[in-house]
Amino acid sequence: MKMWEYVVRRILFIIPILIGVLAFTFVISHLVPGDPVGVYLGRMADDPIMRARIEERYHFNDPPLDQFIYYLVGVFQGDLGESLVYRNRPVAEIIMQKLPATLELVIAASIFAIPAGIYLGILSATKRNTWVDAVSRFIALIGISVPTFFLALVLQLALVSNIHLFPLDGRFPNYLDPPATITGFYLIDSAVALDIRSFFFSAYYLFLPAFALGFSIIGYILRMMRSSMLEVMSSDYVRSARAKGVAERQVIYRHALKNAFGPTLTISGLTIGGAISYTVFVERIFGWPGIGEFAVSSVEELDYAGILGFTIVVTIAFLVANLIVDILYAYIDPQVRLGG
Amino acid sequence: MKESDSKHQNAIIGGIRGRIDDFKSRHESRIKETRYSLYLFSRSLLSMVGLLIIFCVVIVALIAPFIAHDHPIYQNVGGEIQEFWPVSVGSQLLPPSEDYWFGTDYKGRDIYSMVLYGAWKALYIGMLVVIPAAFIGILLGALAGYFGRALGEVIMRITDIFLSVPSLVLAMAIVAALGPSITNITIAMIITWWPWYTRLVFGQVLSIREKQFIEASRSVGAGHRRILFKHVIKNSLSPVVVQASSDFGYVILAAAALGWLGLGAPPDTAEWGRMISENQAHVISAWWVVTFPGLAIVITVLGFNLLGDGIRDVLDPKLRR
Amino acid sequence: MAEDEVLLRIEGLKTYFHTYEGVVKALEGIDIVVKQAETMGLVGETGCGKTVTALSVMRLIPSPPGKIEAGKVLFDEPSSVTVLRNEYDKKFKGAPENLKKKEIEKIERELGTIKTSDESRKKELKDKIAALTYSYDLLRKSQAQLNEIRGDSISMIFQEPLTALNPSYTIGEQIGETIELHQMEMLVEDILEQLRLEESTLKARKRAELVEKKKDAQGIKIEGTKQLKARRNEKSFCSLCGTPTRSDWKACMGCGARFSKLLPFPLISIRLRISSSYYRRLKDNPFNAWAAMVRSNIFTRRLQHRLKLAKTMRAEQALKEVKIAEPQLVVKNYPHELSGGMRQRAMIAMMMSCQPDLLIADEPTTALDVTVEAQILALMKELQRNKGTSILLITHDLGIIAETCHRVAIMYAGHVVELSSTESIFAQPMHPYTNALLRSIPKIGAKYLSERKKPLYVIPGAVPNLINPPEGCRFHPRCEHVLERCKSQVPALVELAPGHFVACHNPVIPSKEGGS
């Protein structure tokens, strides 16, 4: 019973937070700068025809509270404005179309980075001061110190232009037809259609961008896992387990890990959020047609509708990811579950 | 009256000495702890390397105009002084050589000099973001934790709102609304960063508040303000310091990212992120245009991360001794 | 083994900690002997090395700073081997390693050629090998051997029960783990027994049905299924625990298992047969690769249910032995849901569940309040009486020692300074430290007013820093009876009265002093 209550409560929580975020973006874009209409027009801020159109469209002539209501209602109905970059196509539609590509990238990167980070973190903590520890810490340190866009560029330089080991950009060879769209995830679509060639190509094009993204986030997970494992390994109950005669392997995986996992789980929620934001860099450099790339284009044109749409979608994704993390956390930590 | 003069002098010196001794004995344990902390820090090779790196970067940033080969010109653009690197048509995309240590970019400018000038901007943004953000964060977190109930709820809800958007994306949206400039990215990043400190301090304060020495202070009549500043905040500072020292690195990284997106310095300025984004189209034929500014970012951030790690290892009570 | 046999013999144990500030010489060659079914107290101030001793015996010393530098910890060594070992030590003292090796090889060769019927000679030779190779020395055992001994032959309970229990697992799971590690055969037996019970129940039901069918064939009115079930009301049993239940109940009262739909007989019997064959295979070889594979395979995991139930049953039994009320409920609780006293009992249950020969108790009651403390001590005394467990009780409270221990060892700054029976210690404390300790206990009801008015005796000085301990006897800076020798020569532990050992150059010869 308590589990369900917890889950429902958390889901309901998302709504006020979302409204809060929207309120903030509203304030920032509509009230703070001198020229709110100009914000939406970006570089065409001075064109009077455009101005009139925007004023009409976004109700700039109404009192502020009304504007906010229009804004909120609009968002909840899926109206995120029109994009300057794409000739007035609705932003919502653009994002929906490009979202699967980004999700595929983020999920691929997470599937690679999170388990690897956890495993290396445990290894690093249990084999402290050996070469394994040193290498893991080195990887983590580099991962968090290198800007994602630089890493992507370096990878391109090293593995693409000189050696031609990986494709330069895009999601799929442009002389072929991509797999039929069922989910939007090329890997899944081609697997379902039993199209081995498409599957191979999808994976081939996915590899390098996912690696770049994954490498940027693996460091955070590794370090958090390492530090909480170190803390747990010196705790009393680990000593009790050894005193019972439990083999070292079980001590690490059954006793220590169960308690050390909490903070890492929390941090994975955050790193997935980070990964979603880093797609902005990876997609642009690897020509990956996702919402990150759309965001960069919107920023170049200062198309606020596009940027805002991107922000909202990312926020929702981040909140959902954190929700899942919180539920998993309640699942593994009995003290949270029983309210102990 | 020489004798009384010298006696007077001796009395003063004696008084000063007495005060110093007094100070020493009162703070004896704290002095010992500090010395131990410094010792621990110096024992870690990596932390010392981090310190060294930062030291070098700071020096480079400060003496950039003196060791650079080329210099920008300063123009007055709409009331503000702006840095501008003039285009040099003849020397575009030259590889690293005797004259151009890091090569030239697609507008023919000396990358080495631009990288040097960019250092100060990076450090400057770092300081200007982390310190105010920490300040605001600590204040709000302490208020929320100490006074609790309504005020605490409100503050923490607001904090939650800010924490539910990934930092980079939020900063992007804010700068896009305010207009691209270095000032605006600084403001945007302060707004993005303070919630982390608030949450950190909130947790600390909650646990300190229950401790008995707070109760003891109240019972001898200390007012809220005194307790708040003297006891609560002082004792919750240690994780904040650890976080802040690592955050310097992350802020510089984020600033470079925003610069890369075009939201920071205007074009033709020496800002590391900007330099990379302007030249990345040419990277395949000219590997140096992107590598050197990128390495500059990596080394600086690495230095701060090592320093942050070292400080954490020293201050974290569980890892001491 | 005879009552007076030695169970644990610590000889010359040296444990140092290599820290930033220097090498902490925590234990400097201590000697302690614990006999069968006896409670040995280990007393001393904080920092004197009691806990380090216990951890050294269990080899739980954290290895980066700590290291057991020297010594022998002989567990369960038969007296015959002890005698031989001492002889060999004297014989080979100072001799190079290979002389000993040659001797070992010689004996092994002899062992190989001997007739299998000559048992006593074989035993003699084996004892000799054990004596030469120190095979009973815990400090030389491999990690695998240690893990077998820990929890099974030697157990340890700790001071703070909340942190010593894993907060993510229930009490039942934690106790069950100990049992699973060391007494798997017993568990499997339980399960096979249960399976046999179920098989016979199944057969009984089959027979009952057949009888029903026969009745039909004879033309008696066939009852509808509903009524048939109602009949079964009276004699249905839960197939897991055998508690009688009614067929319209959803779950079992005894073991909480949920009832699935009544399966046709063939399926139930197949299930039973699979389980039986699995557990019979398990009986011979509980820990091999095949068993591990079954354990982790997601399809066969269902088979583990019975094991889990068996463990829970045994865990409940263990809790009952430590007198916890309602063990079937406590078994499902997490450590943070229990009170301090209950937690300590749970930890005792966990560590005693495999009937260890030696229980090391490191200040088990220091974190508890006095009433609970009394209960725990009584419990430990009873356990010792019933199971013959020896206890090494570490404490700083002389009162507890007086109540519960047969013999006492007093430690100071890494040395054992006095070792004797409890009565002896209180009647004739010969070491100046012990003497001073006992004198500093406030006494109620002193006869003369002049005695009442005397100030409380306090040992001057403070416990020494173990990085740079005093030369010679470590107590000499604070000792009232100090001699010149004490400053340079470390006193050895000498038997000054029968069973009473003292390490002092100038002990307090028994007089009318001191009372208990």
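This note goes through chain A, its two domains and its contacts with chains B and C.

1. **Basis.** The model is predicted: local features need pLDDT of at least 70, side-chain atom pairs count only at pLDDT 80 or more, and totals for chains, interfaces and linings use all residues. Residues are numbered from 1 along each chain as its sequence is written, while chains are lettered from A and ligands numbered from 1 in the order in which they are written.

2. **Fold of chain A.** Chain A has 14 helices and zero strands. Helices (H or I, at least four residues) and strands (E, at least two) are DSSP runs, numbered from the N terminus. The C-alpha trace of chain A spans about 80 × 55 × 40 Å along its principal axes.

3. Chain A holds 340 residues, and 47% of them count as buried. Buried means that 20 or more other C-beta atoms, placed from the backbone, lie within 10 Å of the residue's own. Two residues are in contact if their C-beta atoms, placed from the backbone, lie within 7 Å. Take the contacts in chain A with a separation of 6 or more: residues 24 or more positions apart account for 69% of these.

4. **Domains of chain A.** The assignment gives domain 1 (3-91) and domain 2 (99-338). Such bounds come from an automatic or database domain assignment. The C-alpha centres of the two domains of chain A lie 31 Å apart. Their contact takes 23 residues from domain 1 and 20 residues from domain 2. On the domain 1 side, α1 (2-31) and α2 (36-41) of chain A each supply at least two residues. Ala, Val, Leu, Ile, Met, Phe, Trp, Tyr, Cys and Pro count as nonpolar, Asp, Glu, Lys and Arg as charged, and the others, Gly among them, as polar.

5. **Chain A with chain B.** Here 38 residues of chain A are in contact with 35 residues of chain B. Helices of chain A that each supply at least two residues to its side include α1, α6 (131-145), α7 (148-162) and α11 (248-286). The largest share, eight residues, comes from α13(A). The chain A side has 26 nonpolar, 10 polar and two charged residues.

6. **Chain C with chain A.** This contact takes 23 residues from chain C and 17 residues from chain A. On the chain C side, α5 (143-149), α6 (161-164) and α7 (171-182) of chain C each supply at least two residues. α7(C) gives the largest share, four residues. The chain C side divides into nine nonpolar, eight polar and six charged residues.

Technical notes. A residue is buried if 20 or more other C-beta atoms lie within 10 Å of its own, exposed if 12 or fewer, and partly exposed in between; C-beta atoms are placed from the backbone.
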